[in-house]
Amino acid sequence: MANTLSIIQAINQALMNEMKNDDTVVVYGEDVGVEGGVFRATVDLQKTYGKERAFDTPLAESAIVGTAVGMAINGLKPVVEMQFSGFSYPAFNQIISHVARMRNRSRGQYNLPMVIRAPYGGGIRALEHHSESTEALYAQIPGLKVVIPSTPYDAKGLLIAAIRDPDPVLFWEPKRIYRAFKQEIPEEAYEIPLGKAKILQEGEDITIVTWGAMVPDVQKAVKMVQDKGISTEVIDLRTISPMDRESFIQSVKKTGRILVVHEAPKTLGVGAEIISIVNEKAFLHLEAPPTRLTGFDTTFPLPRGEKHYIPSPERIAKTIEDIVKY
Amino acid sequence: MRLEDYNPMKNEMYQVIDPSGKAKEKDHIPDLDDEQLKYLFRTMLYTRTIDEKALSYQRQGRMLTYAPNLGQEAAQVGSAYSLDKEDWLVPAFRELGAWLVRGVPLKNIYLYWYGNEWGSHMPDGVKVLPVSVPIASQLQHATGIGMANNIKNEKNVVLTYVGDGGTSHGDFHEALNFASVFKSPVVFIVQNNQYAISTSRKVQTLSENIALKATAYGMPGILVDGNDIFAMYNATKTAVDRARKGEGPTLIEAYTYRLGAHTTSDDPTKYRDDAEVEEWRKKDPILRFGEYLKENNVVDDEWIEETKKELGEEVKKTFESIEDNSDTELEDIFKYHFEKMPAQLQEQLDEYRSFLEGGK
C-alpha cells in the first residue's frame, strides 16, 4: 500500500511502524507524549502504544539522552527527541562522553542501539537557538552516525534503518522542509541503508554535494543553469558520518568540478572534509578549485536577517556558473 | 530507629557499630552467618591489599595513575553486598570494594588502571558498567537501566555511586529527578569522603547534609555512617528492597573519609591537616569491623594475618600476570567503534599497518 506523505508524516509513520514491529522500541522526550511533539513527529504514538512506550519527560536534555544510554544497555531501543538541535547542548556531555564511547570503552560488550532525533536548520522564522545546523559538531566524534534525510521517502527509510542499527544514530531532520512537499511512499516498513549517498541527477560538468533542506534549493539552482547549457550531477549525501566517499570521488573523476552546498558555517565544516577527500583521491581530475557555498561563520541571525544566511538558489546558480567558467 | 521512618532533616547519622567495634544498635545487627561475615571482612581486606599494592607498584613506576579507596571499604562492600545476582552496579571510579563483591575479577580492575580497555569488558553475567570518568554522568545511566526494567517488567534493581563533589553537578539533579518521576528502581549512594580532589565538602553545598536533598525529589534519604559496614548494608538493603517492590529510588549518603590521595597524581598534604587525617584513622572501617568480629569470636588475629598473606600473594600474582602482557592490540583501537568498521577507518588502519611494515 502506498500513501502520500510529507517528511514529518513519514517520520511519524516510521516510528509507528517500528513501535509495531519491535516491542523494545520506546520513544520519549519533551512534549512527545500527550502532545505528539511540537512539530507533531510523534503524534498518536502514545495513543497507539501506551504511556509505557511513548512518554513525556521532565525538561532535561542530558537526562533524556543519559537515560537512553541506560535503556539501550538494558535491552531497549530508545528513540529520543531533542526538541530542536540547538537544545541538544545540555546533552553534549552524554552524547560525546558516553553515547559515542560505550561500545569501544567496553570492548564491544555494550553497544547502544539508540536514535537521537532533532529538527535542525533555519528558515522557519524562529527564536534564537532554533535555527542552527550542528551536523559537523557531531560528525567529528568517533562512534556516532549522523544522518540527514531530504525527502519523505528517505526520511522514513533512513529512520527505520537508524532504529534497527546496532549503533547510536543522530537523526537530524530538515525542519524547513518538514511540510514543503509530499511524496508517495510505501505504508509498510522499509530500510534505506545508512552510509549511502544518493545520486539525484546525473550530469557531466559539475558535481554538487548537498543534504537536508538545501537539496530542494540546489535542485532549483540546477534548473536555472540547465538553461545555460550546464549539466550538473547532484548528490544527496544523506549520511554525514560515516560518509559515502566513493559517491563524490567517482563523480568528480567524471565531472572534474565540485561544489559543496550546506547550511552550516563554512570554516571547519563538513564541506571542508568533502573537499579534502576530493583533493586526496581525485586531485588529478580537477579542472577548477573545489568550492564551498555555505552559511556564514556567524551566529544564525534572527528572522529579519535569515534570508541572507541560507544560500539562495540564485546564489547557488551563480556559484555553479563561476566554477564551470573558471 | 526504624530505617523506614528515618527523616534526613533531623541530621542524625545511622550507625550500628561504633568506632570501637561495639554494637550500638543491637537489634540492627544484620542476620548474617559467620561465613558471610568472614566474606565481608575478607573483601574489605582484599580491597585494601589491592590498593596498597597498586600504590607501591605505582611508586616503582610499574602502574599508571591510580585512585585509591583507603578508608572507604565499608561504604563500598557493605552497600554492594545488599544486591541480588541479577541486579546492576553502575560505578563512578572509586568503588573497588563494590566491584569485588559483584564479581569483577581483579585482573579486570588492574588491567583498567594499567591502561587497557579490556579491563572494562566484564565476564558474562557480571552486570557492572565500566568506570565513568565524567562526574555524575553515570547516574543517568543507572536511572535509564531502571526505567527499562519498569518497561520490561523486570524486578532487578540498580545500585549507583557518586562522590560528594558529584552532587554539585546538574546530572545529579536530573538523574534523581527522573528516577523519582519514573519510579526507577535505583539506589543512589553518595560516597561523601569529604573532598573532591582538594575541594572540601563544605564548599560543594551549604545543605546541612546531602541525604536531605532526597526530600525535594520525593524520595527517602538516609545519612549513614559510611565506615560502619552494618549500617551501610542495612540502609542499602532497605533501599534495594523498596526499589524491588516498585516503590522507587532512595538516596544514601555514606559519610566517610578518603584517607589516601584523590589519585596517585594528588598530594593531599596541600589541602588538609595531618590532625584531621589522624582523627579519621581512628575511625578506620577495617579496624572497626575487625574489633567487632574478634569480640564476637568470628575471626582472630591469626585468621587476619593468614588472610592478608594469602591476599597479598594473590594480588601480586595477578598484577604480574598482566604486567608484561597487556599492550593493546592495534586492531582493537579501531574495531569497537561500530559493529562494522567504516571504510574511512579501515583505510586509516591499513595505512598505519603498511607504515609499520616498512611501507609498500
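Modeller: What follows takes the salt bridges in turn and then the backbone.

The model is a predicted one, and every value below is computed from it. Over all chains, the count comes to 41 salt bridges. One of them joins Asp165(A) to Lys145(A), with 3.0 Å from N to O. Lys145(A) belongs to strand E6 (residues 145-147) of chain A, while Asp165(A) sits in the loop between helix H7 (152-164) and strand E7 (169-174), so this pair ties together parts that are 20 residues apart in sequence. Both Asp165(A) and Lys145(A) are buried.

The pair Asp322(A) and Lys318(A) is also a salt bridge, and its closest N and O atoms are 3.0 Å apart. Here both residues lie in helix H12 (residues 313-325) of chain A, four residues apart, which is about one turn of the helix. Asp322(A) has a relative accessible area of 37% and is partly exposed, because that value falls between the cut-offs of 20% and 50%. Lys318(A), at 49% relative accessibility, likewise counts as partly exposed.

In chain B, Arg48(B) forms a salt bridge with Asp284(B), the closest N and O atoms being 2.6 Å apart. Since Arg48(B) lies in helix H1 and Asp284(B) in the loop between helix H10 (274-281) and helix H11 (285-295), the pair ties together parts that are 236 residues apart in sequence. Arg48(B) is buried, its relative accessible area being 12%, and Asp284(B) counts as buried at 9%.

Salt bridges also link Arg176(A), Asp217(A), Lys220(A) and Glu263(A) in a network.

As to the backbone, most residues other than glycine have a negative phi, and most peptide bonds are trans. The peptide bond from Ser241(A) to Pro242(A) is cis, with omega near -5 degrees. Pro242(A) is found in the loop between strand E12 (239-241) and helix H9 (245-255) of chain A.

Asp44(A), although not a glycine, has a positive phi of about 70 degrees. This residue occupies the loop between strand E2 (25-29) and helix H2 (45-49) of chain A, and its relative accessibility of 36% makes Asp44(A) partly exposed. In chain B, Asn11(B) is not a glycine either, yet has a positive phi of about 60 degrees. Asn11(B) lies in the segment before helix H1 (34-59) of chain B and is partly exposed, with a relative accessible area of 30%.

Definitions and conventions:
Residues numbered from 1 in each chain as written. Chains lettered and ligands numbered in written order. Predicted model: local features only at pLDDT ≥ 70, side-chain atom pairs only at ≥ 80, totals over all residues. Heavy atoms only, no water. Helix = DSSP H or I, 4+ residues; strand = E, 2+ residues; numbered from the N terminus. Buried < 20%, exposed > 50% of the residue type's maximum accessible area, 1.4 Å probe, protein only. Salt bridge = Lys/Arg side-chain N within 4 Å of Asp/Glu carboxyl O.
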